[in-house]
Amino acid sequence: MKITGAEIFLESLKREGVKYIFGYPGGVVLAIFDLLYDNKDIQLILTRHEQGAVHASDGYARSTGKAGVALVTSGPGATNTVTGIATAFMDSIPIVVFSGQVPTPLIGNDAFQEADIVGISRPCTKYNYLVKDVKELSRIVREAFYIAMSGRPGPVLIDLPRDVTASKTEFTWPEIDIRSYNPTYEGNRWMIVKAAHLIAKLKKAVIMAGGGVILSGGSKELRELAEHTEIPVTMTLMGLGSFPGTHNLSLGMLGMHGTYYANRAVQESDLLIAIGVRFDDRVTGKIDAFAPNAKIIHIDIDPTSIKKNVRVDIPIVGDVKRVLTVLNKILEEDVKEQWGEVRKAWSRQVDEWRKERPLTYTFSNEVIKPQFVVEKIYELTKGDAIITTEVGQNQMWTAQFYKFDKPRTLLTSGGLGTMGYGFPAAIGAQLAHPNKLVIDIAGDGSIQMNIQELATAVVNKLPVKVAILNNHYLGMVRQWQELFFNERYSYSHLHSDVVPDFAKVAEAYGAVGLRAIKPSEVEPVLKEAFKIKKTVFMDFIVDWKEKVYPMVPAGAPIDHMLFEEAEKKAEKKLKAVK
Amino acid sequence: MRHTISLLVENKFGVLSRIAGLFSGRGYNIESLSVGETIDPQISIMTIVTSGDDQIIEQITKQLNKLIDVIKVVDMTEFDHVEREMVLIKVAPKQEEKAEVLRLAEIFRGRIVDSSQNTYTIEVTGDEKKIEAIIELLKPMGIKEFVRTGKIAIAREGVKK
Ligand SMILES: Cc1ncc(C[n+]2csc(CCOP(=O)(O)OP(=O)(O)O)c2C)c(N)n1
Ligand SMILES: [Mg+2]
């Protein structure tokens, strides 16, 4: 029996196990929307902006490990997805985005609502397709999900011309066969053996875990490695949750706003075991001065990540989980070491650094400190929540003061640093986890970038909580202006203590709006919000002067850190660094 | 250092722009590029001449390999190989230099593929040095324009450097 492209599209999604599509309609995708109208298997979540749809599908993917799906119309619908796609691309998140396209005979004619989205999205997708013939459609959909999920995951876009969705053919479901695409999953055993021997030999080792650990589902193996060898673990922003933040071997995050002890440990280590990371400049600081004395073992599924930014002594291309499984086995069976003895001096040293400069801030009774809000959220949820963030200081304070114990509990735009990510991502995560507490820790600037998704949350009865750390500023910008631009706050003041009234905005959308001005109100507001089974905005009016510390100025080595108490002295030093 | 990289790619639309985009997006430079069919019409072969230090060349080959439509990447520089390029040169020599132009063409085993009242168009094939040499020699005799194909390369059978 012949069926239409639109029907093939839906049947293919069903076979891929898709339950939700995040989307927005328009002319060329109306045939698909019409079919969705009474489809029992797949529900479309109508967002209020295509960017929101893509971030929501990304939040769904990050929180579940399954591919997220978005569907938009041609032209502006398609171009509105670009930020969301680029966000997923930078963080290796599997999503499949379907964009409508003008009918094939009109492509290239500057037709109404035509945009070359395949061209536009080429550099920020893992792969993309323009479907030219309905006979190819089911194969392309199947391939797209496979490509998105396998190897180093990433977004795939499929451009669907209207006539293709209208034409008919038999449904087929061909096996995937891409001769030019064969990700390497098994690490080279010889390299792993060499790595094991280095681990046994060197005494000042640090593990640096990144998003790849989470993507490969390798947290258990990572923990085994760390516990068995007693090597401390630091994490990149994307790696938070891959290893328990409350574990006594955890050093927290490293890098620009990393902990003193993580950065010191990396810099003084003689062995850095980098797992599922890509050495972003926010992590390495000045590259020539990064971990200067360390041998580097680098495990990653993407060969291009290895030796891209830092020199590597033992490269291991493969899936983190599988490589760690082999490595652990070799370490347990062949390299029988008394790890405790070997590491003793080193762990004593690391503990000293911990004591020397723990993560702190100055609590106040008068004004709410943003870090205090994050701490309270952690305390009240006991870490049992899915946290999303926006971008800026809010993101860094969350990374520092919320202890992530489990993978897929922090959803944040690490690579692209997309303001406006957190709220729609929380919506996607909440949909996938209806009984979980999902909280977006937001900035007053970022939240306004996708605030329209309040409607999506409310209409779909998604009890997402948004905790706005309202410092009335583009706080991270303000921080840099204070430190590096002579306190000239050029266009970073948002006046968001007065405009808008976030609580009222929430109420206007049918959500609940709460506000806290004094430190004593923080806990009651959070408790109330967590009790309410509705979408809640919490507006925490926080100390606008607060800065994220420690801080490594851009381009400095990561042990050249600035601390809160040394603000004034630091300023001089900073100028010297610049 | 300069490298000649040979790529087998799927013969699909958009592949060239993926490869060009990779080079431009990452700031690598393409000195020449040529594309053509292979024995299998579904596969095209591209020859790219690029330059960079070892680390950059390693990244380029890895990044090319990572592209989904790329089937195989060979850095020809690692192999004994034959390289060829073709040039079409249009010269407009003075009357008294015409004979010299024809003589040079012959020395370089070039062919005159077109001639007019005032011009000759010469076709020359060879490696890069040869092409550059004939261009240099003809320059004083008034080259109007020339067009080069870019390099193609093929490995010599059975020898690895
Ligand atoms: C879409 C986008 N535009 C601009 C930036 C640059 N930027 C980074 S942080 C920041 C300020 C964010 O302000 P806010 O959301 O209030 O967070 P805060 O730093 O105050 O916590 C800006 C503008 C960005 N990351 N993303
Ligand atoms: Mg702010």
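Modeller: Gladly. Keep in mind that this is a predicted model.

Biologist: Which residues are the protein donors of the magnesium ion (ligand 2)?

Modeller: They are Asp444(A), through OD, Asn471(A), through OD1, and Tyr473(A), through O.

Biologist: What makes them donors?

Modeller: A donor is an N, O or S atom within 2.8 Å of the metal. These atoms lie 2.1 Å from the magnesium ion, so they count as donors. Water is not among the atoms, so the site may look incomplete.

Biologist: How are the donor residues spaced in sequence?

Modeller: The pattern is D-x26-N-x1-Y. Asp444(A) sits in the loop between strand 17 and helix 19 of chain A, and Asn471(A) sits in the loop between strand 18 and helix 20, so the pair ties together parts that are 27 residues apart in sequence.

Biologist: Why are Asp444(A) and Asn471(A) called buried?

Modeller: Buried means under 20% relative accessible area. Asp444(A) has 1%, so it is buried. Asn471(A) has 5%, so it is buried too.

Biologist: Now helix 14 of chain A. How do you know that its length agrees with what a helix should span?

Modeller: It has 14 residues, 320–333. At 1.5 Å a residue, they should span 20 Å. The end C-alpha atoms are 20 Å apart, so the two agree.

Biologist: Which residues of helix 14 of chain A are buried?

Modeller: Val320(A), Val323(A), Leu324(A), Leu327(A), Asn328(A), Ile330(A) and Leu331(A). They cover an arc of only 165 degrees around the axis, so they lie on the same side of helix 14 of chain A.

Biologist: What is chain B built from?

Modeller: Chain B has 4 helices and 9 strands. From the N terminus on, they run β-α-β-β-α-β-β-α-β-β-α-β-β. Of its 161 residues, 42% count as buried. Among contacts in chain B with a separation of 6 or more, 73% join residues 24 or more positions apart.

Biologist: What is said of the peptide bond from Val499(A) to Pro500(A), and of the one from Tyr549(A) to Pro550(A)?

Modeller: The bond from Val499(A) to Pro500(A) is cis, with omega near -5 degrees. The bond from Tyr549(A) to Pro550(A) is cis as well, with omega near -5 degrees. Pro500(A) is in the loop between helix 20 and helix 21 of chain A. Pro550(A) is in the loop between strand 20 and helix 23 of chain A.

Biologist: Are Ala291(A) and Glu487(A) buried or partly exposed?

Modeller: Ala291(A) has a relative accessible area of 0%, under 20%, so it is buried. Glu487(A) has 44%, between 20% and 50%, so it is partly exposed.

Technical notes: Residues numbered from 1 in each chain as written. Chains lettered and ligands numbered in written order. Predicted model: local features only at pLDDT ≥ 70, side-chain atom pairs only at ≥ 80, totals over all residues. Heavy atoms only, no water. Donors = N, O, S within 2.8 Å, 3.2 Å for Na, K, Ca; no water. Helix = DSSP H or I, 4+ residues; strand = E, 2+ residues; numbered from the N terminus. Buried < 20%, exposed > 50% of the residue type's maximum accessible area, 1.4 Å probe, protein only. Expected span 1.5 Å × (residues − 1). Arc of directions from axis to C-beta. Contact = heavy atoms within 4.5 Å.
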